[in-house]
Amino acid sequence: MARGCTGGWCARFVERHQSALNFALLVTGYILYLIIGAGIFSAIELPYEHQLRQELKAARRDFLNNNTCVSDAHLEELLIRALEASNYGVSLLGNDTSNNWDFVSSLFFTSTVLTTTGYGHTAPLSDEGKAFCIFYSLFGIPVTLFFLSVVVQKIVALVTRRPVSYFHHRWAMSRSKLATIHATCLAIIMTLFLLIIPAWIFVSLEKDWNYLESLYFCFISLTTIGLGDYVPGETHSKEAIPHPQLYRLAITVYLLLGLVCVLVVMETFCELPQMRRLRQRFCQENVRELDSETTKIIERDQLSDQLTDPTDHVTDHLPVIPSVSEQAASLRQDKLPPYSPASGLSVNGKPR
């Protein structure tokens, strides 16, 4: 008996705190995902780091052996200075032919700052530039987020909501199934035009990149990760890129438009009925607690799923309404007194 009471209490506790338990499982799963990712990256990259470190030490040792006039302390000082300059985007290689702070390069820098991509290949050198970057980002990032949200909502209404609603009424197809198909097709199209094709273009323009590195740059940039290990236009060969300013401007436009398209795809998937039901598992809100518009959307989707199910006929689900004669016959069989209208009304319910 005690075991039955304990089991019933556990069942009531789980039912009462279902959303909280689901949220705890979500947090635990996310932390586990982080730990697994860290372990995999460590296992893959740590041997390469040790190998590169050993190669650099060997190269430094060979340089000092071949150049006995250079002391280890002087070489250390030069390397430190070169690395510090490289962190600010200034390189000793071809530095006289490339500028990091002309107008187009500055435009590229502001776009990466406001979209929080932040490659890190270029940074303000002066204290004035660092202070301005703080205040510029303080106001610019919220404005950029607001701007992107407005643009994405308008595009989603144009390329997602209207087509789904149109084909839903045109083909009498389930809205949830149609939205899933539309989101999948949209994701495939965006992958083709934002990742696969641009990666091939970067392969032809960046001579030191292979296709994987180009695809890696496109994905890291459009998802605003922005590691900065691959930045287009950083080559020091004039023959490779004859118009570097125009090339950098085109990359800026590509990154901004690509980010908008990625956000459109993500918003499209977030509006799927399946995603709404999945979010409800981790929140305490029920369909009754949602706003009236969302409730109407969910009820309409459920009704459309029932009416447009290809396996059943619509007429099979509609209730059969008996005629007036059938109702009268049923009343006579039950020996009920016949229905008589009120004195002030006629048979059809209208005043005499």
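This briefing walks through some helix packing, ring pairs and individual residues in the structure above.

The model is a predicted one, where local features need pLDDT of at least 70, side-chain atom pairs count only at pLDDT 80 or more, and totals for chains, interfaces and linings use all residues. Residues are numbered from 1 along each chain as its sequence is written, and side-chain values use heavy atoms, with hydrogens and water left out. Helix 6 (residues 175-205) packs with helix 8 (residues 244-270), with helix 7 (residues 211-222), and comes up again with helix 5 (residues 127-171).

**Ground rules for the helices**

- Helices here are DSSP runs (H or I, at least four residues), numbered from the N terminus.
- Two packed helices are described by the angle between their axes and the distance between the axes.
- The axes are lines fitted to C-alpha atoms, for helices over the stretch in contact, and the angles run from 0 to 180 degrees between N-to-C directions.

**Helix 6 with helix 8**

- These two pack at an angle of about 160°, and their axes are 10 Å apart.
- Helix 6 and helix 8 are therefore roughly antiparallel to each other (angles under 35 degrees count as roughly parallel, over 145 as roughly antiparallel, 65 to 115 as roughly perpendicular and the rest as oblique).
- The crossing of helix 6 and helix 8 is left-handed (the near helix is turned anticlockwise from the far one by less than a right angle; clockwise would be right-handed).
- On the helix 6 side, the residues that meet helix 8 include H182, A183, T184, L186 and A187, while Y247, I251, Y254 and G258 are among their counterparts in helix 8; contact means heavy atoms within 4.5 Å.
- Sorted by class, the contact of helix 6 with helix 8 has 16 nonpolar, four polar and no charged residues (Ala, Val, Leu, Ile, Met, Phe, Trp, Tyr, Cys and Pro count as nonpolar, Asp, Glu, Lys and Arg as charged, and the others, Gly among them, as polar).

**Helix 6 with helix 7**

- Here the packing angle is about 130°, with the axes 8 Å apart.
- That makes helix 6 oblique to helix 7.
- Helix 6 passes helix 7 in a right-handed crossing.
- Helix 6 brings L194, L195, I196, P198, A199, W200, F202 and V203 to this contact, and helix 7 brings Y211, S214, L215, F217, C218, F219 and L222.
- The class count for helix 6 with helix 7 is 14 nonpolar, one polar and no charged residues.

**Helix 5 with helix 6**

- The axes of helix 5 and helix 6 come within 10 Å and cross at roughly 135°.
- That makes helix 5 oblique to helix 6.
- Helix 5 passes helix 6 in a right-handed crossing.
- From helix 5, the contact uses V159, T160, P163, V164, S165, F167, H168 and H169, and from helix 6 it uses R175, L178, A179, H182 and L186.
- By class, the residues of the contact of helix 5 with helix 6 split into seven nonpolar, five polar and one charged.

**Rings around F202**

- Searching the whole structure turns up 13 aromatic pairs (rings of Phe, Tyr and Trp, its six-membered ring, pair if their centres lie within 6.5 Å; planes under 30 degrees apart count as stacked, over 60 as edge-to-face and the rest as tilted).
- F202 and W209 have ring centres 6.1 Å apart and planes at 45°, so the pair is tilted.
- F202 and Y254 have ring centres 6.1 Å apart and planes at 65°, so the pair is edge-to-face.
- F202 lies in helix 6 and Y254 in helix 8, so the pair ties together parts that are 52 residues apart in sequence.
- In relative accessibility, F202 is at 6% and counts as buried, W209 is at 10% and counts as buried, and Y254 is at 16% and counts as buried (buried means under 20% relative accessible area, exposed over 50%, partly exposed in between, with a 1.4 Å probe and protein chains only).
- Ring pairs link F108, Y119, F202, W209, Y216, F217, Y230 and Y254 into a cluster.

**Residues to click on in helix 2**

- N22 sits in helix 2 (residues 18-66), and at 15% relative accessibility N22 counts as buried.
- Not counting residues up to four places away in sequence, N22 touches R281 and F282.
- R60, also in helix 2, counts as partly exposed at 27% relative accessibility.
- Leaving aside neighbours within four places in sequence, R60 is in contact with D72, L75 and E76.
- From R60 to L75 is 15 residues in sequence and 8.8 Å in space, C-alpha to C-alpha.
- L64 is found in helix 2, and L64 and L75 are 11 residues apart in sequence and 8.6 Å apart in space, C-alpha to C-alpha.
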